[in-house]
Amino acid sequence: MKKIEAIIKPFKLDDVREALSEIGVTGMTATEVKGFGRQKGHTELYRGAEYVIDFLPKVKLEIVIQEELVDRCIEVITDAARTGKIGDGKIFVSPVEKIIRIRTGEGDRDAI
């Protein structure tokens with residue numbers, strides 16, 4: 001089992017969700033987060049004063065899938081989330097040691 005964490009632009013969430021559904025991903029968690037990388041934020045004007053916005057709004061997706069789907073999942077997220085501009089996001093893949101479905105007590109592959 002692997003956990004994929006993807007940080008994407010908020011307006012790309014629906015595109016990514018639909019693309020993942022098409023390849024059989026049945027569940028994910030989406031969280032609104034703020035962050036920055038090379039994009040480094042931007043400045044805004046409010047009532048004549050300039051403010052630096054360091055942390056930009058992003059969406060963090062967390063998906064736990066079987067290992068054989070990892071490469072396809074990464075490809076689908078990359079294609080759906082890409083705008084070609086700085087700040088498109090990142091994808092992180094890490095191992096998952098154990099999964100338990102709380103309601104039924106099922107474990108690992110049965111719990112996905």
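## Sheet architecture

Two strands are taken to pair if DSSP finds at least two bridges between them. Helices (H or I, at least four residues) and strands (E, at least two) are DSSP runs, numbered from the N terminus. The structure is a predicted model, in which local features need pLDDT of at least 70 and side-chain atom pairs count only at pLDDT 80 or more, while totals for chains, interfaces and linings use all residues. Residues are numbered from 1 along each chain as its sequence is written, and side-chain values use heavy atoms, with hydrogens and water left out.

An open sheet is formed by four strands in the order S2-S5-S1-S6, with antiparallel pairing. Strand S2 (29-35) and strand S6 (89-95) lie at the edges, each pairing on one side only. On average, neighbouring strands of this sheet are turned by 20° against each other, direction ignored; angles run from 0 to 180 degrees between N-to-C directions, and axes are lines fitted to C-alpha atoms, for helices over the stretch in contact. Seven bridges join strand S1 (residues 2-8) to S6 in the antiparallel sense. Ile4 has Val93 in S6 as its bridge partner.

## Helices on the sheet

Helix H1 packs on the sheet and touches S1, S2 and strand S5 (56-65), contact meaning heavy atoms within 4.5 Å. The direction of H1 makes about 10° with that of S5. Helix H2 also packs on the sheet, where it touches S1, S5 and S6, and its direction makes about 5° with that of S1.

## Helix–helix packing

H1 (residues 13-22) and H2 (residues 70-81) pack at an angle of about 150°, their axes being 8 Å apart. On the H1 side, Asp15, Val16, Ala19 and Leu20 meet Cys73, Val76, Ile77, Ala80 and Ala81 of H2. By class, this contact has eight nonpolar, no polar and one charged residues; Ala, Val, Leu, Ile, Met, Phe, Trp, Tyr, Cys and Pro count as nonpolar, Asp, Glu, Lys and Arg as charged, and the others, Gly among them, as polar.

## Buried face of H1

Val16, Ala19 and Leu20 of H1 are buried, that is, under 20% relative accessible area, with exposed over 50% and partly exposed in between (1.4 Å probe, protein chains only). They lie on the same side of H1 because they cover an arc of only 100° around the axis, the arc being that of the directions from the helix axis to the C-beta atoms. The cover over the buried residues of H1 includes S1, S5 and H2. After H1 comes Gly24, with a positive phi near 100°.
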